[in-house]
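Have the structure open as you read.

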Amino acid sequence: MAAIVVQEVGVLDSERELLDVRNPADGRVVGRVPNEGPKVVADAVTALRAAQTAWEALGPKGRGVWLGKLRDWLLDNESRLTDVLQSETVKPRAEAALEVPFICDVINYYARNAPAFLADEKVRASGPMSLPKRLRTVYRPYPVVGVITPWNFPLAMPGLDIVPALLAGAAVALKPSEVTPLSAVELATGWAEIGAPPVLRVLTGAGATGAAVVDTVDYIQFTGSTRTGRQVARAAADRLVPCGLELGGKDPAIVLADADLEHAAAGVAWGGLFNAGQVCFSVERVYVEAPVYDQFVARLTAVVESLRQGADGRGYRVDVGALANQAQRDIVERHVTEAVQAGARVLTGGKPTGAGTFFEPTVLVDVDHSMSCVREETFGPTIPVIKVADEDEAVRLANDTEYGLSASVWTRDRARGERIARRLDVGAVNINDALFNLFALTLPHGGWKSSGIGARLGGARGIRKYTRMQAITAPRGPELQEQILWYPYRPGRGRVVSRMLRAMVARDLRRRFRR
């Protein structure tokens with residue numbers, strides 16, 4: 001693939017520090033972006049805050065028009081955007097080509113439903129004391145939302161968050177990973193080219209840039225490691241601003257003796273190796289009931305051995321790409337090496353291959369919970385498989401982790417699968433599939449335990465999270481000159497009011513009990 005050089009929208013000051021963006025397959029510099037400092041971030045957020053009021057005033061339908069134009073721009077530029085994305089990730093074309101349609105699906109869903117999701121809600125009185133008023137709940141956006149995204153899905157991850165935030169009426173400061181910022185810069189280019197209001201700004205840079213975003217915005221949506229997520233949470237707490245965190249995972253798959261083993265092996269392989277395993281809810285541990293363990297391992301190994309790895313270009317000829325950077329390859333290699341030293345066996349793969357950051361798709365057996373490949377997030381193309389006696393042992397081991405993002409259960413008995421799902425301490429469970437919950441925009445996607453705080457998506461909740469609830473009361477009928485609960489208090493009136501309220505409460509209770 002030809003080198004692609006992308007620069008941020010606007011003019012780059014020659015004195016500003018620039019960060020190289022490299023192709024993971026061969027180390028070529030494919031772009032440079034500014035390393036924005038705290039002052040640039042603060043100025044950008046100030047400008048976003050100034051533009052947000054008019055953006056909010058457009059209403060959900062007016063904002064939806066602009067998001068529709070962005071969708072059309074994305075589709076018009078789909079092939080070029082996929083090229084850019086591949087240049088900084090070396091994803092297989094089949095996987096890179098998913099990201100633009102995915103964002104468009106998010107735009108269509110939330111633009112279509114935003115007017116209903118954000119509509120004022122009439123609220124019924126809770127009892128006699130609130131009967132004199134009409135009650136409303138109103139959803140008002142946070143003025144500026146900061147979105148900080150990782151390097152594994154350079155277009156899809158920003159789209160998941162900036163789309164509902166913009167439709168909610170917020171302005172957005174997007175800080176992409178410094179490893180893969182070029183795709184996010186393209187989003188900013190598209191927003192500018194359609195002539196949209198200046199309520200989306202991409203701020204490129206390293207960790208200090210992200211810290212500056214956290215220090216200035218009104219709501220923070222962070223996706224990344226648990227270690228950094230804790231730092232973001234502390235900074236947000238110091239400022240008393242809310243945050244949503246999607247953090248690390250070590251997602252288990254449970255393969256029961258009654259599973260369709262061919263289906264399960266293919267699904268686990270895809271769930272563990274999609275995007276070279278660089279998905280926060282990848283299959284990172286597999287627990288297989290003893291009666292089918294050998295058969296499943298043989299089928300899984302055969303699937304993994306058949307996969308094609310390399311740099312794809314536009315060819316759709318590769319199944320597994322490279323890791324995003326050398327540091328991530330080192331983590332994967334360490335996990336495999338430590339496991340082998342502790343007694344694990346590699347059935348296929350197990351080592352770096354070729355130039356760049358490629359690591360062979362790997363199946364590990366004879367592993368246990370003392371090993372880093374089972375306890376720590378690997379974020380790479382490895383699948384450790386563990387034999388278990390029964391369902392109870394599988395559930396116990398699946399829950400034996402600090403993480404709780406998602407899981408999968410493989411069985412022909414769907415009722416049994418759903419029963420097991422309710423025993424797993426995770427935010428989502430896929431039965432006879434992997435990763436699928438993220439494509440269901442009406443379901444919440446969030447982690448338990450050390451995998452995060454809050455959730456994204458989930459229908460109305462996915463857009464309302466970027467809003468503040470405001471309660472409004474108004475008189476139900478003609479206003480009295482003197483309200484019965486106002487000053488001055490008078491003995492006679494106070495007693496009458498007290499008796500009246502007690503009687504009304506008693507009547508309300510009797511009516512409720514009769515129901």
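## The cores

Start inside: the largest nonpolar core has 116 residues, and Leu74, Trp191, Val286, Phe296, Leu300 and Val385 touch the most other members. Helix α5 (residues 99–117) gives this core its largest share, 10 residues. A second, separate core of 27 residues takes in Leu256, Phe359, Leu364 and Leu397, among others. Here a nonpolar core is a set of buried Ala, Val, Leu, Ile, Met, Phe, Trp, Tyr and Cys residues joined through side-chain atoms within 4.5 Å. Buried means under 20% relative accessible area, exposed over 50%, and partly exposed in between, with a 1.4 Å probe and protein chains only.

Phe296 is a handy place to look around. Leaving aside neighbours within four places in sequence, Phe296 is in contact (heavy atoms within 4.5 Å) with Val255, Leu261, Ala264, Ala265, Val268, Val286, Val288 and Val385.

## Ground rules

This is a predicted model, where local features need pLDDT of at least 70 and side-chain atom pairs count only at pLDDT 80 or more, while totals for chains, interfaces and linings use all residues. Residues are numbered from 1 along each chain as its sequence is written, and side-chain values use heavy atoms, with hydrogens and water left out.

For bookkeeping, strands (E, at least two residues) and helices (H or I, at least four) are DSSP runs numbered from the N terminus, and two strands pair if DSSP finds at least two bridges between them.

Within this sheet, β10 (residues 251–255) and β11 (residues 283–289) run parallel and are joined by five bridges. Asp251 stands opposite Val283 in β11.

## Helix α15 and its cover

Which residues of helix α15 (residues 414–421) are buried? They are Arg416, Gly417, Ile420 and Ala421. These residues sit on the same side of α15 because they cover an arc of only 140 degrees around the axis, the arc being that of the directions from the helix axis to the C-beta atoms. Their cover includes β10, β11, α14, β16 (406–410) and β17.

At the start of α15, a side-chain oxygen of Asp413 comes to within 3.2 Å of the backbone nitrogen of Ala415. Over in the buried set, Ala421 has a relative accessible area of 17%. Ala421 and Arg71 are 350 residues apart in sequence and 36 Å apart in space, C-alpha to C-alpha.

## The six-stranded sheet

A further open sheet has six strands in the order β7-β6-β5-β8-β9-β20, again with mixed pairing. The edge strands here are β7 (200–202) and β20 (452–453), each pairing on one side only. Helix α1 (residues 38–57) packs on this sheet, touching β5 (144–148), β6 (171–175) and β7, and its direction makes about 155 degrees with that of β6.

Four bridges link the parallel pair β8 (residues 219–223) and β9 (residues 243–246). Phe222 has Leu245 in β9 as its bridge partner.

## The β1–β2 hairpin

β1 (residues 18–22) and β2 (residues 29–34) pair antiparallel over five bridges, with Leu19 opposite Val33 in β2. The two strands form a hairpin with six residues between them, and Gly27 in the turn has a positive phi of about 80 degrees.

Ala276, in the loop between α10 (261–273) and β11, has a positive phi near 55 degrees without being a glycine. Tyr316, in the loop between α11 (293–305) and α12 (326–341), also has a positive phi, of about 55 degrees.

Are these residues buried or exposed? Ala276 is buried, at 1% relative accessible area, whereas Tyr316 counts as partly exposed at 48%.

Methods:
A polar contact is a pair of N or O atoms within 3.5 Å; within protein, one must be able to donate a hydrogen and the other to accept it, and residues adjacent in sequence count only if both atoms are side-chain atoms. Axes are lines fitted to C-alpha atoms, for helices over the stretch in contact, and angles run from 0 to 180 degrees between N-to-C directions.
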